[in-house]
Amino acid sequence: MSNQISRMTIQRTIILDELGKLATHPTADELYRIVRKRLPKISLGTVYRNLEILSCSGRIRKIEVPGTMKRFDGNTDIHHHVRCVSCGAVRDVRGELAVSLPEIPGDIDGYRIVGCRLDLIGICPKCRKSSENST
Ligand SMILES: [Zn+2]
Ligand SMILES: [Zn+2]
């Protein structure tokens, strides 16, 4: 039993470690392919389960966009994302946002507002380049 627990801990630590190295906000499947290099016996289900546990406990952030695969982010600091509408890549928005966020009142509709997340959509440099080349 204790063996099983330590194996789970190692798996979770490696998943967290590999996710932390990536700025690409991988899907469970993408992360699975990377983690498998260090843990050849790990299953996609195990990776998925661990990602859910880690995001529930606030160690990682889950990015859910309807109609796309769930993505995961090892960076839990407040930051904004930009998603490419063409290839689906999700990157962090670097630098200051050119748009300023509206002043958010403390209470809206019975809620006490504690924060605001803004996700941008756009066309990534790679997709822009390939569309320019094809015209
Ligand atoms: Zn793109
Ligand atoms: Zn991010």
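Me: Among contacts between residues at least 6 apart in sequence, what share joins residues at least 24 apart?

Reply: In this protein chain, 48% do. A contact here means two C-beta atoms, placed from the backbone, within 7 Å. This is a predicted model: local features need pLDDT of at least 70, side-chain atom pairs count only at pLDDT 80 or more, and totals for chains, interfaces and linings use all residues. Residues are numbered from 1 along each chain as its sequence is written, while chains are lettered from A and ligands numbered from 1 in the order in which they are written.

Me: How many helices and strands are in the protein chain?

Reply: Four helices and seven strands. Both are DSSP runs, numbered from the N terminus: helices are H or I with at least four residues, strands E with at least two. Along the sequence the pattern reads α-α-α-β-β-β-β-β-β-β-α.

Me: What is the strand order in the open sheet?

Reply: Strands of a sheet pair through backbone hydrogen bonds, either parallel or antiparallel. Here the order is E4-E3-E7, with mixed pairing. Two strands count as paired if DSSP finds at least two bridges between them. Strand E4 (90-92) and strand E7 (119-122) are at the edges with a single partner strand each, so one side of each has no neighbour in the sheet. From one strand to the next, the twist averages 30 degrees.

Me: In which sense do E3 and E7 pair?

Reply: Parallel, over four bridges, with E3 covering residues 81-84. Arginine 83 has isoleucine 121 of E7 as its bridge partner.

Me: At what angle do the axes of H2 and H3 cross?

Reply: Roughly 115 degrees, and the axes come within 9 Å. Axes are lines fitted to C-alpha atoms, for helices over the stretch in contact; angles run from 0 to 180 degrees between N-to-C directions. H2 is residues 28-35 and H3 is residues 44-56. H2 brings Ala28, Asp29, Leu31, Tyr32 and Val35 to the contact; H3 brings Leu44, Val47, Tyr48 and Leu51.

Me: Which residues form the largest nonpolar core?

Reply: In soluble globular proteins, nonpolar side chains tend to be buried together. A core is a set of buried Ala, Val, Leu, Ile, Met, Phe, Trp, Tyr and Cys residues joined through C-beta atoms within 7 Å. Buried means 20 or more other C-beta atoms within 10 Å of the residue's own. The ten here are Ile15, Leu19, Ala28, Leu31, Tyr32, Val35, Val47, Leu51, Ile60 and Phe72. H1 (2-21), H2 and H3 each give two or more. H2 has the largest share, four residues. Not counting residues up to four places away in sequence, leucine 51 touches Ile15, Ala28, Ile60 and Phe72.

Me: What percentage of the chain is buried?

Reply: 14% of the 135 residues.

Terms used. A residue is buried if 20 or more other C-beta atoms lie within 10 Å of its own, exposed if 12 or fewer, and partly exposed in between; C-beta atoms are placed from the backbone.
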